[in-house]
Amino acid sequence: MLCSLPRLRCVGTGILPRSSLNSRVLSLAQISRSRLHPRVFPSVQAPRYLPHVPFSGFSTLTTSLGPEKSPLTPERLFAQRTHRCGDLRARHIGQEVVLCGWAQRVRRISDSMAFLPLRDASGTIQLIQTRRSTETSNPSAVLSDQDWDQITGLSPESIICIRGTVRARASGSERTEMATGEVEVFIQEIHCLNPASHTPFLPTDHNLPKEEVRMKYRYVDLRRTELQRNLQWRYRITLAARNHLDEQGFTEVETPILFKSTPEGAREFIVPTRYGKDTYFALPQSPQQYKQILMASGVDRYFQIARCFRDEDLRADRQPEFTQIDMEMAFVTKDQVIEMVERLVKTILQSVNKSPAYPIPFPRISFSEAISRYGSDKPDTRFDLEIRPIPLGKEEPFQQVMDVLVIPAQLIQGLAGALKKSLPRVRLTHQGDPSLSWMKKMGLDPTCINQKGKEFLEKVTSDDIILVTLRRFDPSEATTTMGRMRLEVARILEEAGRMTKDPDQLNFLWVQDFPLLTRVESAEGKNDSGGWIATHHPFTAPVIEDIPLLYTNHPEKIRGQHYDLVLNGVEVGGGSIRIHSAELQKRIFSLILGQGGKEQERFQHLLDALSSGCPPHGGIALGLDRLVAMLCGTSSIRDVIAFPKTSSGHDPMIGSPSSVSATTLEVYGITE
């Protein structure tokens, strides 16, 4: 009831006396619903809301509040902000402006003049303030002693609002590296809206504290120009992707966050419920199963800016919760999906003024070629140092391969010690000779290599360094020992200035033709499936020509219709053509999960959808966090996420995860 409300304030209408309610008694809920409508309050003008503010500034805001004049109190002044700090240019010289933002360190030039940088989300502008009669041409513009003391006593990061005049900087004091470097603002009025009393560090400091401290005070860390730019780029990239997919006929569909536990390859986050004993939700590792069901539901092209969750060991490019640009299309081939993604990536790059090192279409290589040449299924192709695989044996089928990496003498000169320290178990061979005697010292028979291998090794000079490792002829692992050594050698050469990996060089590459299944050989990893796991996930369709191999004793030879998008050695996307036949999906489940059983029953909903009439379909998911990080030039995805978790999976700012009381756990049937 309104019996205790002597006044009611409404933005844009001033103060409404209680007597103007026309003796009508209304509940607070009724007032909320009425929104002060004139029919309910006939003597009151309906509130006028602030107009839409264009990105370029707020210059129309002052006059839009009405012709009446009101004193510029702190409460009124910040609401009449005319411009953002970073938007001021030479064309604004002579204009009176109202600015708001975070005060930086005051620089006192003398007892009567000081500079105060002011920062907001758009950038920084230099403010200048004087007292006494320094500005004799405009005595009214000189600040009072009280205002002067307030300015010079401001703590950095305090929130202030000022009214002043834009003017040109003095000749010779321009800052060409700043967008606002030609102008400054002469302060005529200043108000401190909120003094900063607890600032563990300053976002403008050159020597920032450790990441753990910055994560705890993330609201201060996010004020840094670099992180502000990253968040804006993330938004621009997301908006560009959404608009592009909309133009291509995609429908954005939100899929549930509360899912069920299914064996897709990674550990899940489990959510207890009150709905029944021992019943749990699981947070989705991806919308994979839902988007396939959408294909069976008649949605022709689906996308979603999807939140995903995986309880994995964390590192610089992993978070327990992450975001991906998720897509799925009906009646498509692998080539059509790849072509669509390339157009999308081109649009994304244009949104942040970037371009790929190679024009569309991006290069494509097979998994086998990636492992042979680079020792990795996500190779960094910005530098050479290609691996030369040499089969060992007189004839096929070969069982072993000798991976050889030759480091030219001109690159490694003087760095052998650093290489030996970094790779302590590697014996460096400095001699290249036709007899290949160094192979004998390694216990290898030079006669077991083919003619091409001999010709390659005989060309190695005595000053070159040769790195040699052995592996299986047909590896299934994502990286080889030589692949890891290649990256380490590149790091050493780059630190020594012998090699350059340009971060602005965007080498996109498709890796395809992965093995559909991978054998689990270690005793610890072997499961009830008879030693096979899905190389990516169990929903990937095999290459059509390889389907008969599913019914033989050589499932390791089956290729999957999977494709990964790699950027500078980082996987930024992965997708595949999916299995749309329920019978074929059951066969894959039987190889991976074992014949029948409860594990296969956990996918019954998907099998039912496939058997209801599901079209051929395929898709991909682009890792938004990784892609943005690569384009922003940062090595950690934490720098492009507003509130990330630490490497230990914690959020030190809010203190999560946290303990839960025993009483709360009892509600879910969980006992300590």
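Where does Pro-361 lie? Select Pro-361 in your viewer and you will find this proline in the loop between α9 and β14 (364–366). Keep in mind as you go that this is a predicted model.

**Stop 1**

The peptide bond from Ile-360 to Pro-361 is cis, and its omega is near 5 degrees. Asn-353 is not a glycine, yet its phi is positive, near 55 degrees. With a relative accessible area of 70%, Asn-353 is exposed. For background, most residues other than glycine have a negative phi, and most peptide bonds are trans.

**Stop 2**

Next, select helix α9 itself, residues 334–351. The largest nonpolar core has 53 residues. Helix α9 gives the most to this core, with eight residues. In general, nonpolar side chains tend to be buried together in soluble globular proteins.

Centre the view on Leu-565. Leaving aside residues up to four places away in sequence, the neighbours that Leu-565 touches include Val-341, Val-345, Phe-362, Phe-508, Trp-510 and Leu-622. Glu-571 and Gly-573 are also among the residues touched by Leu-565.

**Stop 3: two packed helices**

Now show α7 (residues 225–247) together with α19 (residues 624–632). At what angle do α7 and α19 pack? The angle is about 120 degrees, and the axes are 10 Å apart. The two helices, α7 and α19, are therefore oblique to each other. Their crossing, α7 with α19, is right-handed.

To see the contact, display these side chains:

- from α7: Arg-229, Asn-230, Trp-233, Arg-234, Ile-237 and Thr-238
- from α19: Leu-624, Asp-625, Val-628, Leu-631 and Cys-632

Coloured by class, the residues of the contact of α7 with α19 come out as six nonpolar, two polar and three charged.

**Stop 4: beyond α19**

Follow the chain to Pro-657, in the loop between α19 and α20 (662–667). Here a cis peptide bond joins Ser-656 to Pro-657, with omega about -5 degrees.

**Stop 5: a buried glutamate**

Finally, select Glu-157, in the loop between α4 (145–152) and β7 (159–168). Glu-157 has a positive phi, near 75 degrees, although the residue is not glycine. Is Glu-157 buried or exposed? The relative accessible area of Glu-157 is 4%, so Glu-157 is buried.

Note on methods. Residues numbered from 1 in each chain as written. Predicted model: local features only at pLDDT ≥ 70, side-chain atom pairs only at ≥ 80, totals over all residues. Heavy atoms only, no water. Axes fitted to C-alpha atoms, helices over the stretch in contact; angles between N-to-C directions. Helix = DSSP H or I, 4+ residues; strand = E, 2+ residues; numbered from the N terminus. Parallel < 35°, antiparallel > 145°, perpendicular 65-115°, else oblique. Left-handed = near helix turned anticlockwise from the far one by under 90°. Contact = heavy atoms within 4.5 Å. Nonpolar A, V, L, I, M, F, W, Y, C, P; charged D, E, K, R; others polar. Core = buried A, V, L, I, M, F, W, Y, C linked by side-chain atoms within 4.5 Å. Buried < 20%, exposed > 50% of the residue type's maximum accessible area, 1.4 Å probe, protein only.
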